[in-house]
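Please look through the structure below with the sequence at hand. The paragraphs that follow go from strands to cores to aromatic rings.

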Amino acid sequence: MIEKNENIILRTDDLSIGYISKKEKTIVASNINIKLNRGELVGLIGANGIGKSTLLRTLTHVQNPLSGAIVINKKNILDYHPIDLAKVMSLVLTEQIASKNLSVFEIVALGRQPYTNWVGNLTDEDMVAITKAIQHTNISDLKNKKCFELSDGQLQKVMIARALAQDTDLIILDEPTTHLDMYHKAYILKLLQKLAKETDKTILFSSHEIDLAIQLCDNLIVMTSTEVVSDSPCNLIEKGTFENLFPKNLIAFDKKTGSFRVK
């Protein structure tokens with residue numbers, strides 16, 4: 001099948017996600033058809049427990065789909081060797097880094113692992129990628145600090161820089177604003193918006209910061225109990241999609257302000 005739109009970095013074809021045990025198959029969501037375009041910031045939102053983490057784990061090949069396909073750069077994700085997949089998709093997860101005794105530079109340099117030889121020697125090309133990533137995330141002044149010296153917000157910028165240094169078309173982040181105060185939540189999401197535009201990379205993140213995601217994202221993937229839909233925030237507002245995210249007797253969505261309020 002020839003992809004008509006060269007800007008599509010990732011797409012899913014009738015994707016079904018969930019779990020298979022010895023006794024049964026549990027379907028979390030099905031008929032998922034989404035497209036992530038080059039240079040876009042895309043937010044994945046939905047209520048707690050709706051399946052956002054399951055979708056992210058499936059899109060990143062941590063777990064297999066129940067059915068359907070995930071295609072990255074016109075190639076089925078199941079056909080990628082792990083090293084080749086690491087050259088097209090980078091991840092920023094919520095887990096703590098293994099050693100906070102590493103310096104910021106050393107953490108960012110880990111993003112070059114898919115390209116370095118088995119000794120891990122950095123080439124001039126690696127150094128250029130690392131330097132650009134540090135500059136893009138505004139952490140040049142932190143370069144020589146140990147990670148245990150950093151705040152949560154600073155550490156999150158370092159992890160984003162590591163993903164940038166990996167130089168992939170697609171960056172996926174799992175709850176990048178967890179444990180951050182309101183200022184740093186907005187700062188990190190504004191940074192992601194800027195990076196998508198400046199680097200032309202596709203950035204997908206899951207978040208509970210729905211109001212911020214509506215304001216900053218080019219497109220949103222919205223998971224409800226009945227469907228998974230993807231569109232621009234404006235179109236989703238017009239369709240009334242956000243009105244079905246939470247119980248209407250408690251939380252309402254105001255179309256005029258584009259935000260949620262407690263009843």
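In strand S5, alanine 69 is the bridge partner of aspartate 13. This bridge belongs to the pairing of strand S1 with strand S5 (residues 67-72), which is antiparallel and runs over five bridges. The model is a predicted one, and its confidence is described further on.

Strand S1 has other partners as well. With strand S2 (residues 25-32), S1 pairs in the antiparallel sense over five bridges. Within that pairing, leucine 15 stands opposite isoleucine 32. S1 and S2 form a hairpin, and four residues lie between the two strands. Strand S1 (residues 8-20) also pairs with strand S3 (residues 35-37), again in the antiparallel sense, over three bridges. Here isoleucine 8 has asparagine 37 of S3 opposite. As a general point, the side chains of a regular strand alternate between the two faces of the sheet.

How far can the coordinates be trusted? The average pLDDT of the protein is 92, and 97% of the residues score at least 70.

In soluble globular proteins, nonpolar side chains tend to be buried together. The largest nonpolar core of this protein has 48 residues, and those with the most contacts inside it are Val108, Leu192, Leu220 and Phe242. Helix H5 (residues 152-165) supplies the largest share of this core, eight residues. A second, separate core has 27 residues, including Ile34, Val42, Leu55 and Val228.

Leaving aside residues up to four places away in sequence, phenylalanine 242 touches several residues, among them Ile45, Ile214, Leu220, Val222, Phe253 and Phe260.

The structure holds five aromatic pairs. In one of them, the ring centres of phenylalanine 242 and phenylalanine 260 are 6.5 Å apart and the planes stand at 80 degrees, so the pair is edge-to-face. This pair links distant parts of the chain, 18 residues apart: phenylalanine 242 is in the loop between helix H8 (233-239) and strand S12 (251-254), and phenylalanine 260 is in strand S13 (residues 259-262). Both phenylalanine 242 and phenylalanine 260 are buried.

Phenylalanine 260 has another ring partner, phenylalanine 246. Their centres are 5.5 Å apart and their planes are at 80 degrees, so this pair is edge-to-face. Phenylalanine 246 lies in the loop between H8 and S12, 14 residues from phenylalanine 260 in S13, and this pair too links distant parts of the chain. Is phenylalanine 246 buried or partly exposed? Its relative accessibility is 23%, so phenylalanine 246 counts as partly exposed. Phenylalanine 260 has a relative accessible area of 19%, so this residue is buried. Ring pairs join Phe242, Phe246, Phe253 and Phe260 into a cluster.

A ring can also face a charge. Lysine 75 lies over the face of tyrosine 80, 4.6 Å from the ring centre.

Finally, consider glutamine 113, which is in the loop between helix H3 (104-109) and helix H4 (124-136). Its relative accessible area is 53%, so glutamine 113 is exposed. From C-alpha to C-alpha, glutamine 113 and glutamine 166 are 7.7 Å apart in space, while in sequence they are 53 residues apart.

Definitions and conventions
Residues numbered from 1 in each chain as written. Heavy atoms only, no water. Phe/Tyr/Trp six-rings, centres within 6.5 Å; stacked < 30°, edge-to-face > 60°. Buried < 20%, exposed > 50% of the residue type's maximum accessible area, 1.4 Å probe, protein only. Lys NZ or Arg CZ within 6 Å of the ring centre and 35° of its normal. Pairing = 2+ DSSP bridges. pLDDT = per-residue confidence, 0-100. Core = buried A, V, L, I, M, F, W, Y, C linked by side-chain atoms within 4.5 Å. Contact = heavy atoms within 4.5 Å.
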